[in-house]
Amino acid sequence: MTDLTSLGVREIRDGVANGAFSAVEVAEAFNAAVAAAAQLNAFIVTTPDHALEAAKKVDADRAAGKELGKMAGVPIGMKDLFATKHVQTTAASHILEGFKPEYESTVSQKLWDAGAGMLGKLNLDQFAMGSSNETSYFGDVANPWRRNDGGNAKLAPGGSSGGSSAAVAARIAPAATGTDTGGSIRQPAAFTGISGIKPTYGRCSRWGIVAFASSLDQAGPMARSVEDCAIMLEAMAGFDPKDSTSLELDVPAWAESLNADLKGKRVGIPREYRMDGTDEEILKSWDDGIAWLKDAGAEVVDISLPHTKYALPAYYIVAPAEASSNLARYDGVRYGLRDLPEKAGLQDMYAATRAAGFGDEVKRRILIGTYVLSAGFYDAYYTQAMKVRTLIQRDFEAAWEKCDFVLAPTTPTAAFPLGDKLDDPLAMYLNDVFSVPASLAGLPAMSVPAGLNKDGLPLGLQIVGPAFDEQAVLNAGLAIEQRAGFTAKPEKWW
Amino acid sequence: MSNYRIQGATGEWEVVIGLEVHAQVTSKAKLFSSASTEFGAEPNAQVSLIDAAMPGMLPVPNRECIRQAVRTGMAIEAQINKWSRFDRKNYFYADLPQGYQISQLYHPLVGEGALTIDADEKVGIPEDKVIRIERIHVEQDAGKLMHDQHPTMSYVDLNRTGVALMEIVSRPDMTSPAEAGAYVRKLRSILRYVGSCDGNMEEGSMRADVNVSVRKVGDTELGTRTETKNVNSVRFVMQAIEHEAQRQVDVIEDGGTIVQETRLFDPNTGTTRSMRSKEDAHDYRYFPDPDLLPLELDDAFLEDCRASLPELPDAKRARYTGELGLSDYNARELTAEVETFARFETLLAATAKGIGKPEKDVATQVANWSLSVAPGVIKALGDEADIAHATAERQASILDMQAKGEISGGQAKEIFEIVLKEGRDPAEIADTEGLKQVSDTGAIEEAIDTIIANNADKVEEYRGGKDKLFGFFVGQTMKAMQGKANPAVVNQLLKEKLG
Amino acid sequence: MSVTREEVAKIASLARINVDEKDLDHMVPEFNNILAWVEQLGEVDTSSVEPMTAVIEQKLRLRDDVVDADPLTGGGKRDAILANAPVAEHGFFGVPKVIE
Ligand SMILES: [Mg+2]
Ligand SMILES: [Zn+2]
């Protein structure tokens, strides 16, 4: 019998549906793989019972001849930013340690309704702030990939969805949820040789997802194929009246409509993305990507996104500003940590609780955010950043006159060793230089594996499409996937 | 101009007052969650996950709250902003679970408007005065802290958290406690007419933040102001101003300066004091709430709001004095409260219909009945009265009988008394209790003839020119008729018979 | 623009995060590095640009005035509300005594 953990979403779903194996067998196989992979530290808590119960229900439904959901029998990892009812939800922070929500996030509920089960809550950067999964209160996540130099240096799995990327790359989950604020799905996907898509802002409900930066946060799937991403995104997306920014649109049949024939399509190559300091191998893989898309029938056009350079600094004003306010609710009154020094008053309790409960990166961003919103600085920083955001949006609007989607690298480098950039916040922020513009403009964007670099580490290519056109992004991703022939997987060391 | 002055040691001072009134919007559910707004529930029983600011919770605005705020804006003839936006006001407090209040700073829903407070010589408002209103914005209410239930802890109840408020901000156009009192009363009346706030100040449905500064008479620059928070009755608003203005004058005259600060009113002492908990200078870091898109209203929505507006207090008063011919006093009294005019108008319609005359012909009779006769009877009866018995039909029936001369004013009161106690039909009461006037000329003539026969001397005097004796004959006749004769008929017959 | 140690301490206090001298030692330079870097935004001419108001062009939806329309947005769930509270007594959240 095939090793069930080598299978992806569609293979599992179809195998369960046609009786090749049972959902319970699948759940047990992944539960075992998860239990054996503790060294990766991909999960904060595991929930084997949840996976098993969901599988039993799917098997029973199948036996009863009921119609099965899009994700029936597929056990997945859930980023620990999604509230899961009665299952600890921490955002990888100490301040939420032990918090068990009395509610289920819309996206996770949709996945359970579609027949998926939960293997556990995946580690991440604390409050999704970070690009290496080193800011988690529950420890670093190790990238399952290692350099081919014989060294055992642990590498970053990317962030913030680093537990998700590591789990999917290590085959301990066929797929996982991620969230992307400035690149948190795409960058870890690139670092671990998997696929991930951030849909148009508003496609997936934000209800029940611990907020980082409300105007940027979007959930999306991470899996090992474009098709698996499409299937899972269909299960996650959809209008939610509980989220004011939720798009009131039907969910298209993305998976069924996948088409790698790009004849008549134009791919835009933004010249501003050829930045100084970008890894030569990254540039080379970009050229490969251009050639593959040409081969798939697309016409290549040179485009300009003139404000690209300003996207990252604008992001590092807007995201911390929103975060400083979104994270004000963690105050030790209604849930989570309370640190009450002797004789402390209410305000002292807040300051002590938040000092003890937040990690350094979270504090750093709260302080920056507090500063840029404070009296006298608001216009110079926040308003200016929101104006630049308008310009970035306009850049893309102009680009869509000339092309149907954009191709660019996902990241400026391959995965780096844990600890490498920890002392230099700015160097860490630069990881998101290619992913942030699409986030600021709310556009659908995806990373797919393009190959390995000379160190044997995966590199990703990014496709950005116009708002609402996830199909264009998925189709281009599929065309690359078919030509890149990326079959490499990390050698098991955990 | 009001002539309210504070006599200081260094001269005369005047006071400048602006009010920020927080009015709870009448709605079933909260502004951003579907938890109930009902008053008086068990602690934290009406709290949603959203109100408690659980991680990942999001706000979705309640259309009714927006509609009521727009209607209120229209009622004060204010600019309605078709494009507005919610902002976050960030600060930390135990009654504020999110760590921010969703409010509107930069782009409020309602812009410039005004209301007119009515002249009232008695309290020093010589003429009608327009008070400008700067804006009305919509925001969330905070929760409640209980300080005296535990020795070392305060208790937090979030039932009020997220209830919709309108913050109605006046210009500093008021110059005396009386004007401020009149403003709050007028505003309350408008809100209640519109139905956008129940105006129940005891339950906290309306609270005022009172901004007060003082300056020497003749100065044009404004002095430093203080803001006294959450004053919850008209009387307290006036007391807070009186105290605060006097305090400021005292401070300045003692060589001190006024600090711009937040103060608290103590209803027990009628004084204000600095609020310790709000001492540190706030930097609210307002910014647009990224969970909410801009609020855009279309013409259909605005048209619906406008079409649903009732006749407002000023217009109603003008109609009462103009069309209905009521006195200024009656018109003002009848239009002050929603319940009063509603009862009056129902009774007026029923009475006019019963008598078969236009409303204006019976309006004064109904007004007098509503404002003095009926309340007098009710008050005299005290606990014996069951107001529920006093339906419009029953009262109209009494007024009808009175207008037709079937009963006297005194009988009307007696019948109403029985109605209030027993809920019986007035016509039936008049019949069975003998509470009817006799208009039958035969019986009255008989009585008059007897009186004339028995008082020949008085008749002589009267006929000799002593007109005043007419009253004597009326009295004698009424007495003989046991008070039940129709006075008009008595008068007429006496005149005929006495010659 | 560069911020002083005192200013960083003030911002931390505004954000209700206790910091000690040791924290400030590394926070102040980090803070100034980041600020200096984001200030390149000042180069962009935005004089004729409006700040972004909606990421994706759409209108704010308003909901109907219905009590407890959905258990996830409604009240009447005190136990769930208090379930994770560090201190809950008699149906209230407890906090250190506040003097107003
Ligand atoms: Mg105020
Ligand atoms: Zn207010």
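How many cavities of 30 Å³ or more does the count come to?

Analyst: The model is a predicted one. The count comes to seven cavities of 30 Å³ or more. Let us take two of them, then an open pocket, then the chains around them.

Start with the largest cavity. It holds about 100 Å³ of space. Residues of chains A and B line it. From chain A come A:Arg206, A:Ile209, A:Ala211, A:Asp217, A:Asn326, A:Arg329 and A:Tyr330. From chain B come B:Gly56, B:Met57, B:Leu58 and B:Asp291. By class, this lining has five nonpolar, two polar and four charged residues. A:Arg206, A:Asp217, A:Arg329 and B:Asp291 are the charged ones.

Next comes the second largest cavity. Its volume is about 80 Å³. The lining residues named for this cavity belong to chain B. Among them are B:Phe32, B:Ile50, B:Asp51, B:Leu96, B:Pro97 and B:Gln98. B:Tyr100, B:Gln140, B:Asp141, B:Thr161 and B:Gly162 also line the second largest cavity. The classes here are five nonpolar, four polar and two charged.

B:Tyr100 lines the second largest cavity, and strand β5 of chain B covers residues 100-103. The sheet is open and has three strands, in the order β5-β4-β15 of chain B. The pairing is antiparallel. β5 (100-103) and β15 (287-288) of chain B stand at the edges with a single partner strand each, so one side of each has no neighbour in the sheet. Strand β4 of chain B spans residues 87-90. It pairs with β5(B) over four bridges, in the antiparallel sense. One bridge joins B:Asp87 to B:Ser103 in β5(B). Strands of a sheet pair through backbone hydrogen bonds.

How does chain B divide as a whole? The assignment gives domain 1 (6-303), domain 2 (319-405 + 414-429) and domain 3 (441-498). The C-alpha centres of domain 2 of chain B and domain 3 of chain B are 33 Å apart.

Now turn to an open space, the second largest pocket. Its volume is about 810 Å³. The lining of this pocket has 40 residues. Nearest its centre lie C:Pro51, C:Met52, C:Thr53, C:Ala54 and C:Val55. Helix α12 of chain A, residues 378-399, gives the most to the lining, with 11 residues. So chains A and C both take part in the lining of the second largest pocket. By class, the pocket lining has 23 nonpolar, eight polar and nine charged residues.

Chain C deserves a look of its own. It has three helices and two strands. From the N terminus on, its elements run α-α-α-β-β. The radius of gyration of chain C is 23 Å, well over the 13 Å that the globule rule gives for 100 residues, so chain C is more spread out than a compact globule. Its C-alpha trace spans about 50 × 45 × 25 Å along the principal axes. Of its 100 residues, 50% count as buried.

The domain assignment gives chain C domain 1 (5-42) and domain 2 (67-100). The C-alpha centres of domain 1 of chain C and domain 2 of chain C lie 35 Å apart.

Notes
Residues are numbered from 1 along each chain as its sequence is written. Chains are lettered from A and ligands numbered from 1 in the order in which they are written. This is a predicted model: local features need pLDDT of at least 70, side-chain atom pairs count only at pLDDT 80 or more; totals for chains, interfaces and linings use all residues. Side-chain values use heavy atoms; hydrogens and water are left out. On a 1 Å grid over the protein atoms alone, a cavity is a set of points where a 1.4 Å probe fits but cannot get out, and a pocket is an open set with protein on both sides within 12 Å along at least five of seven lines; lining residues have an atom within 4 Å of a point. Grid points are joined across faces, edges and corners, and a volume is the space filled by probe spheres set on the points. Domain bounds come from an automatic or database domain assignment. Two strands pair if DSSP finds at least two bridges between them. The radius of gyration is taken over C-alpha atoms; the globule rule is 2.2 Å times the number of residues to the power 0.38. Buried means under 20% relative accessible area, exposed over 50%, partly exposed in between (1.4 Å probe, protein chains only).
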